[in-house]
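Please look over the following model and check the labels attached to it.

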Amino acid sequence: MKGVEVTAQRVSRSYGDFKALDNVSVQIKKGEFFSLLGPSGCGKTTLLRIIAGFDFPDSGSVAFDNKDILPLPPEKRQANTVFQTYALFPHLTVYENIAFPLRLRRTDKATVEQKVMEYVKLVQLEGHINKKPSMLSGGQKQRVAIARALINEPSVLLLDEPLSALDAKLRQNLLVELDLIHDKVGITFIYVTHDQSEALSVSDRIAVMNQGKILQIGTPYEIYEAPATRFVASFIGETNIFPCTVLSCEAHGEEFLLRLDVPQLQDEVFVTDFEAQEVGASLDFTVRPEKIRISHTPPRSNNATMNTFKGIVEEPIYSGFQSKFFIKLEKEPSTLVKVFKQHTVFLEEGPEIQWKDTVYVSWSANDGYLVKDTEQ
Amino acid sequence: MSHHRNTLKTSFSFSYTMLSLVIVFLFIPLFVVVFFSFNSVKGMQWESASLIWYKTLIYESPSLWAAFRNSLLIAFTSSISATILGSLAAIGIKWYRFKGRSYITTVSYLPMVLPEVIIGISMLIFFSAVKIRLGLFTIFVAHTTFNLPFVFMMVSARLDEFDYSTLEAARDLGANERQTLLKVIVPSIIPAILSGFLMCITMSLEDFVITFFVSGPGSGTLPLYVYSMIRYGVSPVINALTFVMILGTMLIAFFFRKFLKTVAASS
């Protein structure tokens, strides 16, 4: 595996009173496609810029393969950046842009041509090499930027929201291509994005950030299915979150079965978790909308830990392959529960569940999660 | 669409009247001057067509040509120095953070907004205070001073559209500070630098007021020379000179327009 291991340890950076990075530590493996995900202002770009050398931490260390890189200027680091705004040189053609790093090092003409054509092919820009950036589409510009950043054969490619200026369809295509390029060149990719679907679909691992801190590091599956905090649960995908108090906690095989008091649902809820919780602890209970089943009749429950609630369809939102429903629960305080249902069969008379229908929503104990409040 | 245009063309329009009036007032005096440059005698009475004043202009006006050479020399040297200083100032002020940055920006526009008489007088006072003899050098300094803000302004405007991240990209890809300046910044702002330079040439060639104050014996430029000629009565040589200058300016304007277009197209 090419690439280097990137280690940031206890990195902090403040701008005046604003803490952009607050004691952040992360270890990115050799050749990994690693995403820094979070809302704007969470510090993800600051961390990337520190790795690139455009910004400096107030404290902490950054190392490539255990070698401190902070004293090195950007041009001496084995990392190249793909910028959000493409940052192509407007006066140079596609060919000249990609050749720029090689020509700086006075590479001979034949080598330049051979290498540029190799990378032009990698990003599929054959036929555009003599165009100026102003004649290219957004997607093509970003391909030029990627080729230009890769031609120096860096050990780390830093991508700063590279797709955010592109439209949705193009973004999906370029994302897949980026993944293929990563597979081909095999170096470490650090990808900064605020778009959770981008991060989930290509990353090997993701660090979810908020307010200058890393809240959770894990594979996309772990991040989505087992969010560590309330913020991660609500930022990644959609979910239902309710405050709760633990009523009881008992061992249940390898897990623990907890009985919760959820005031917003006016009922007790069963949930399984790998960690035991103290009785009386205040936490948040969350369940993803696609894990909730919806039906006109009460589910045949031979399971005592099944959670079932009766309600009325308040707002069905049809979106082709699935519908999103907001179900207003019968019991006060009439909390709204978000439910997704896929349309797997075609019905002559329209969707199976309609506005104002009385329905039952249910989920089993191991579909829910307990999360802690982020702000602590 | 074309139908709509036709109705506009045929109908009476305020804009067309104004346009005609402006053209008449701007160009009739020029035509009169050109017309009388081909007269065979002095004065406003037409005798017969002749090229005698052109002959006088070309063969018998050595001091006029000396003034013209001064003008060209001053124009080129002062424009080159103003362009270099103004461009570097714009780049420096845009990209480096230092104390008094906005103050310098404001002050650098001063020569552009101050009345020329004031600049002329203050320069004259300054030069005599530091005991620099008035001559070509003082004119060069004065022209550099009043040209600088125009270059600064044009280059700054171009830099404002410039994407700062391209500089980071250049550094990231291995360019040092000097390479970034020469291979990225200058090539992308070269149209602004060139148009600033051309503007300097024009302004330097035509300047009268400031030059009047800071010129010394034997260092007169063409505008000063023309002015001194007029003091002894309007010579038809001036008419001839006017026509030559109109032609020259039109030619230069035409070629520079083409040139600037190619530069703009290639960037």
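The questions below concern a predicted model.

Q: Why is Gln266(A) called partly exposed?
A: Gln266(A) has 15 C-beta neighbours inside 10 Å. Buried requires 20 or more and exposed requires 12 or fewer, so a count in between is called partly exposed. Gln266(A) therefore counts as partly exposed.

Q: What makes Lys131(B) buried or exposed?
A: Lys131(B) has 6 other C-beta atoms within 10 Å. The cut-off for exposed is 12 or fewer, so Lys131(B) is exposed. Its place is in the loop between helix 6 (116-129) and helix 7 (136-161) of chain B. Phi of Lys131(B) is also positive, near 60°, in a residue other than glycine.

Q: Why is Asp68(A) called exposed?
A: Asp68(A) has 11 C-beta neighbours inside 10 Å. Because 12 or fewer is the limit for exposed, Asp68(A) counts as exposed. Asp68(A) belongs to strand 5 (residues 67-68) of chain A.

Q: Which residues does Asp68(A) touch, not counting residues up to four places away in sequence?
A: Asp68(A) touches Ser61(A) and Ala63(A), with that exclusion applied. Asp68(A) and Asn303(A), by contrast, are 56 Å apart in space, C-alpha to C-alpha, and 235 residues apart in sequence. Contact needs C-beta atoms within 7 Å.

Q: How do you know that helix 5 of chain B lies largely in the open?
A: The number of buried residues among the 13 of helix 5 of chain B is zero, so the helix lies largely in the open. To be buried, a residue needs 20 or more other C-beta atoms within 10 Å of its own.

Q: What span is expected for helix 5 of chain B, and what does the helix reach?
A: At 1.5 Å a residue, 18 Å is expected for helix 5 (residues 101-113) of chain B. From its first C-alpha to its last the helix reaches 19 Å, close to that value.

Q: Which residues touch the most other members of the largest nonpolar core?
A: They are Ile51(A), Ala147(A), Ile190(A) and Val208(A), in a core of 132 residues. Val208(A) touches Leu37(A), Gly38(A), Leu215(A), Gln216(A), Ile223(A), Val232(A), Phe235(A) and Ile236(A), leaving out residues up to four places away in sequence. A second, separate core has six residues, among them Leu57(B) and Phe243(B).

Q: How do you know that domain 1 and domain 2 of chain B are in contact?
A: Nine residues from domain 1 of chain B and seven residues from domain 2 of chain B take part in the contact. The criterion for each pair is C-beta atoms within 7 Å. On the domain 1 side, helix 2 of chain B gives the largest share, five residues. That side divides into six nonpolar, two polar and one charged. The assignment sets domain 1 at 2-54 and domain 2 at 61-265, and their C-alpha centres lie 32 Å apart.

Q: How many residues join the two domains of chain A?
A: Seven residues of domain 1 of chain A are in contact with six residues of domain 2 of chain A. The side of domain 1 that touches domain 2 has four nonpolar, two polar and one charged residues. The centres of the two domains, taken over C-alpha atoms, are separated by 39 Å.

Q: What makes up the contact of chain B with chain A?
A: The contact takes 16 residues from chain B and 18 residues from chain A. Helix 8 of chain B gives the most to the chain B side, with six residues. By class, that side has five nonpolar, seven polar and four charged residues.

Q: Where does UniProt place the feature "transmembrane region" in chain B?
A: The unreviewed UniProt entry lists several spans, including 136-159 and 210-230 of chain B. Residues 136-159 are 100% helix, with end C-alpha atoms 33 Å apart. Residues 210-230 are 67% helix, and their end C-alpha atoms lie 19 Å apart.

Terms used: Residues numbered from 1 in each chain as written. Chains lettered and ligands numbered in written order. Predicted model: local features only at pLDDT ≥ 70, side-chain atom pairs only at ≥ 80, totals over all residues. Helix = DSSP H or I, 4+ residues; strand = E, 2+ residues; numbered from the N terminus. Core = buried A, V, L, I, M, F, W, Y, C linked by C-beta atoms within 7 Å. Domains from an automatic or database assignment. Nonpolar A, V, L, I, M, F, W, Y, C, P; charged D, E, K, R; others polar. Expected span 1.5 Å × (residues − 1). UniProt positions renumbered as here; feature names shortened; annotations may be inferred.
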